[in-house]
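Here is a chain to look over. What do its labels rest on, and how do the values back them?

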Amino acid sequence: MLELEQWKKELKQLNQQYAKIRELPPEERSEFGRKLNAQKQQILAKIKAVQLDDAEPAVEPIDISAPCAPNEPIPRIARGTRHPLMVELQNVMQIYQEMGFDVMESRQLDDEFHMFESLNFPPGHPARDGYDTFRTEEGFIPPAHTSTMQHRILKRYRAHLEEGGQISVVVPGRVFRNEDADATHEHTFYQCEGVFVSKDATMGQMLGVLKHFFEAYYGQQLRIKTQPGYFPFTEPSCELLIEKPAALGGKGGDWLEMLGCGMIHPNVLKMAGIDPKEHHGFAWGGGIDRLAMLKYGLVDVRYFESAKLSFLEEF
Ligand code: DAH
């Protein structure tokens with residue numbers, strides 16, 4: 001900037017010299033004028049060079065794809081928000097991560113082995129029908145529960161056991177069932193699976209983890225209880241219930257079934273190369289939609305997949 005000021009000053013002094021032309025004898029005037037002009041050109045060139053160096057960055061280019069006419073007021077652009085289920089899924093993951101669980105994502109197309117065999121459902125087992133699976137023409141299965149990931153988790157993390165550690169993984173996932181939709185059933189929903197294996201995992205630890213999870217999710221103390229259940233991949237198997245908190249409209253004694261859980265069946269561990277005499281595990285799986293419905297007092301699960309903007313915009 002100082003340099004620029006300097007050149008401008010010189011230009012001013014030079015300009016003043018033009019007045020002298022009139023005082024010169026006529027034959028000297030043109031020579032004098034030529035010199036002044038040449039000097040002036042030099043100074044102007046210097047000024048231009050300095051100005052270019054200091055110039056502001058180029059003007060931002062016009063976005064020709066802008067969704068408006070350039071001379072008209074810009075219309076308000078409605079921005080979307082994250083889907084409430086995705087927000088809740090993240091809340092759920094955060095709680096488990098704070099407890100030390102790793103997160104592994106499930107897949108949206110799986111196979112017969114991971115859906116059934118690896119989970120101790122032999123071919124023809126009647127419990128297979130309970131899952132109302134869809135099938136592609138090629139015989140693949142869009143998973144009907146996130147338990148399809150159990151075998152992969154056990155295999156992938158079993159090295160932790162060999163090193164004296166444990167397996168602790170949760171799996172969020174989108175699942176699909178070929179059943180009629182009603183207020184409490186959807187063909188597409190989200191689940192979260194949990195798998196824990198160690199030398200001495202117990203049912204008591206499992207209940208501790210789950211109680212902590214529900215209390216953290218609903219932000220208050222809760223009572224839990226179990227009732228017997230049946231899943232081929234756990235033994236014993238149970239269903240976990242929580243008492244509907246008063247803050248969410250519970251009257252005391254309103255018990256809600258939230259997920260299935262149990263001690264991992266020895267066959268499931270064996271199939272993944274883990275010796276059930278050496279290691280024990282527990283697993284659980286439950287719907288995210290159900291958690292969110294209770295949190296927000298929703299009565300119809302179908303809203304989540306309905307693409308009703310008026311519903312989604314409430315979140
Ligand atoms: N996958 C079961 C379902 O969707 C829920 C479940 C039960 C998952 C027991 C588990 C488990 O991991 O141990 O009905």
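Q: Which residues of α3 are called buried?
A: This is a predicted model. In α3, the buried residues are P84, L85, E88, L89, V92, M93, I95 and Y96. Buried means under 20% relative accessible area, so each of these residues falls under that cut-off.

Q: How do you know that the span of α3 agrees with its number of residues?
A: α3 has 15 residues. At 1.5 Å a residue, α3 should span 21 Å, and its end C-alpha atoms are 21 Å apart, so the two values agree. Just after α3, G100 has a positive phi of about 105 degrees.

Q: What lines the largest cavity?
A: The structure has one cavity of 30 Å³ or more. The largest cavity holds about 90 Å³ of space. V92 and Y96 belong to its lining, and both are among the buried residues of α3. The lining also includes C192, F213, F214, M258, L259, W284, G286, G287, I288 and L291.

Q: Which elements supply at least two residues of that cavity lining?
A: They are α3 (84–98), α6 (203–218), β6 (255–264), β7 (280–287) and α8 (288–296). β7 gives the most, with three residues.

Q: What makes up the lining of the largest cavity, by class?
A: Ten residues are nonpolar, two are polar and none is charged. Gly counts as polar, and G286 and G287 are both in the lining.

Q: What is the volume of the largest pocket, and which residues are closest to its centre?
A: The volume is about 940 Å³. The lining has 40 residues, and F189, Q191, M258, G287 and R290 are the closest to the centre. Two or more lining residues come from each of β3, β5 (234–243), β6, β7 and α8. β6 gives the most to this lining, with six residues. By class, the pocket lining has 17 nonpolar, 13 polar and ten charged residues. M258 and G287 also line the largest cavity.

Q: Why are β1 and β4 said to stand at the edges?
A: The open sheet has seven strands in the order β1-β2-β3-β7-β6-β5-β4, and the pairing is mixed. β1 (102–103) and β4 (224–228) each have a single partner strand, so one side of each is left without a neighbour in the sheet.

Q: What makes β1 and β2 count as a pair?
A: Two strands pair if there are at least two bridges between them. β1 and β2 have two bridges, in the parallel sense, so the pair meets the cut-off. V103 stands opposite V170 in β2.

Q: In which sense do β2 and β3 pair, and over how many bridges?
A: β2 (residues 167–176) and β3 (residues 188–198) pair in the antiparallel sense over ten bridges. V175 stands opposite F189 in β3. F176 has T188 in β3 as its bridge partner.

Q: Why is β2 called largely enclosed by the rest of the structure?
A: Nine of the ten residues of β2 are buried, so the strand is largely enclosed.

Q: Where do the domains lie, and how far apart are their C-alpha centres?
A: The domain assignment gives domain 1 as 2–54 and domain 2 as 84–312. The C-alpha centres of domain 1 and domain 2 lie 84 Å apart.

Note on methods: Residues numbered from 1 in each chain as written. Predicted model: local features only at pLDDT ≥ 70, side-chain atom pairs only at ≥ 80, totals over all residues. Heavy atoms only, no water. 1 Å grid on protein atoms, 1.4 Å probe; cavity = no way out; pocket = protein on both sides within 12 Å on 5 of 7 lines; lining within 4 Å. Points joined across faces, edges and corners; volume = space filled by probe spheres on them. Helix = DSSP H or I, 4+ residues; strand = E, 2+ residues; numbered from the N terminus. Expected span 1.5 Å × (residues − 1). Buried < 20%, exposed > 50% of the residue type's maximum accessible area, 1.4 Å probe, protein only. Domains from an automatic or database assignment.
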